[in-house]
Amino acid sequence: AGFSSGVASGDPLPGRLMLWTRFQVPDDQSAMAACDPKNTKYTYNYSPTSDAVTVHWFIGPNADGTKTITAGTFVTDGGRDWTVKVDADYSTGNVVAQSKLYYGFQATHMGISYTSPIGHFRAIDSKNTFAELTYATVSCSNWGFGMFNAYDTLSKIEELDFYVHAGDNIYEYKDLRYPDDHMKVRTQITDPPHEIASLDDYRRRYRLYRNDASMQALGAHAPLISIADDHEYTNNAWLTGAENHQGHGKHSNPKNDGAGYDTTPYPEGDYYERMHFAMKAFFEYMPIRELDTSAMDAIKATVKSGPKVPQNYPGSPASEVTDDLRGWLAGQTRSFDFGGLVTVMTTEG
């Protein structure tokens, strides 16, 4: 039990920052109760909220939590896999530009008090002042191919203001698929050992990555700006299917004749349901602001009623993408300006 997945921060703005952690309850099996371990059943019924835990957080100039600038609580439960995400406002602290601030978490569960590791970041003042800027970019983090030494190196750069992960924060493959047994560096078995497709699968894979010591060191050292590429879902994903999705549903089942949705059961289930699980876990485990994902239903309706997509088509024809959908996709952006020195914009979808 406790904060074994470490802490992280992200999406830095003047006087604001996302804070992240996860509180591991003593019996994590309750998080898996709603998911069939054989991945043949997909359900939106998450764990009961009776397992709720109140987590306290702070931001301040001292690592021990004294003289806090801002503090609060966040109630988490099995419905979000006990992850904690706070959009913290420290703008009232009259902070000095690029001064070091600390943050941390505390929770009491079954009479036992737990304290998280302490994270820190370089503050952005209300005037968005930067004399100089230090940042890094990373991408394509495949756990099996090797230790995250790049993360460890970046965590030792004292003046690091933020880092950008350009996507593929995790990989979805089963153990010894990519990498295979000749290329895999780590000796541990990938968790889960099968290809991830259910909500529990995606959560377990994120926990595997979050429990890496180098990833935790960097997460506690500087804020993250990130987007999803394809492996957060599955390889070579597009609007209506993916190269690495063997499931039922129009465009994703090779037995489909284009007349409708084939309900033949396949191990990886419905593509849109899998995308929903992947997106939910991504936003649970990434220290970034969440975007409006409600349009997924509209996307599904658009695709289901639209014209047939040729089998193995590497994208979605323009006729299937309505103006409303284009507008929604265009609105899925986050923008970060660092004193006019650098502007980072992410586009989702």
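Trainee: Where does Asn-94 lie?
Mentor: Helices (H or I, at least four residues) and strands (E, at least two) are DSSP runs, numbered from the N terminus. Asn-94 is in the loop between E5 and strand E6 (100–109). This is a predicted model, in which local features need pLDDT of at least 70 and side-chain atom pairs count only at pLDDT 80 or more, while totals for chains, interfaces and linings use all residues. Residues are numbered from 1 along each chain as its sequence is written, and side-chain values use heavy atoms, with hydrogens and water left out.

Trainee: Is Asn-94 buried or exposed?
Mentor: Buried means under 20% relative accessible area, exposed over 50%, and partly exposed in between (1.4 Å probe, protein chains only). Asn-94 has 71% relative accessibility and counts as exposed. The phi of Asn-94 is positive, about 50°, although this residue is not a glycine.

Trainee: What is the phi of Asp-11?
Mentor: Asp-11 has a phi near 50°, a positive value in a residue other than glycine. Asp-11 belongs to strand E1 (residues 7–13), and with a relative accessible area of 0% Asp-11 is buried.

Trainee: At what angle do the axes of helix H2 and helix H4 cross?
Mentor: Axes are lines fitted to C-alpha atoms, for helices over the stretch in contact, and angles run from 0 to 180 degrees between N-to-C directions. The axes of H2 (residues 199–210) and H4 (residues 271–285) come within 8 Å and cross at roughly 35°.

Trainee: Which residues make the contact?
Mentor: Contact means heavy atoms within 4.5 Å. Among those involved are Leu-199, Tyr-202 and Arg-203 of H2, and Phe-277, Ala-281 and Glu-284 of H4. Ala, Val, Leu, Ile, Met, Phe, Trp, Tyr, Cys and Pro count as nonpolar, Asp, Glu, Lys and Arg as charged, and the others, Gly among them, as polar. The residues of this contact divide into eight nonpolar, no polar and six charged.

Trainee: How many salt bridges does the count come to?
Mentor: A salt bridge is a side-chain nitrogen of Lys or Arg within 4 Å of a carboxyl oxygen of Asp or Glu. The count comes to 18 salt bridges. One of them pairs Arg-203 with Glu-284 (2.8 Å, N to O). Arg-203 lies in helix H2 and Glu-284 in helix H4, so this pair ties together parts that are 81 residues apart in sequence. Arg-203 is buried at 2% relative accessibility, and Glu-284 is buried at 3%.

Trainee: Where do Arg-22 and Asp-81 lie?
Mentor: Their side chains meet in a salt bridge (3.4 Å, N to O). Arg-22 is in strand E2 (residues 16–22) and Asp-81 in the loop between strand E4 (70–76) and strand E5 (83–89), so the pair ties together parts 59 residues apart in sequence. Arg-22 is buried, and so is Asp-81.

Trainee: What is the mean pLDDT of the protein chain?
Mentor: pLDDT is the predictor's confidence in each residue, from 0 to 100. The mean for the protein chain is 82, and 75% of its residues reach 70 or more. Over residues 29–49 the pLDDT is below 50, and over residues 305–320 pLDDT stays under 50.
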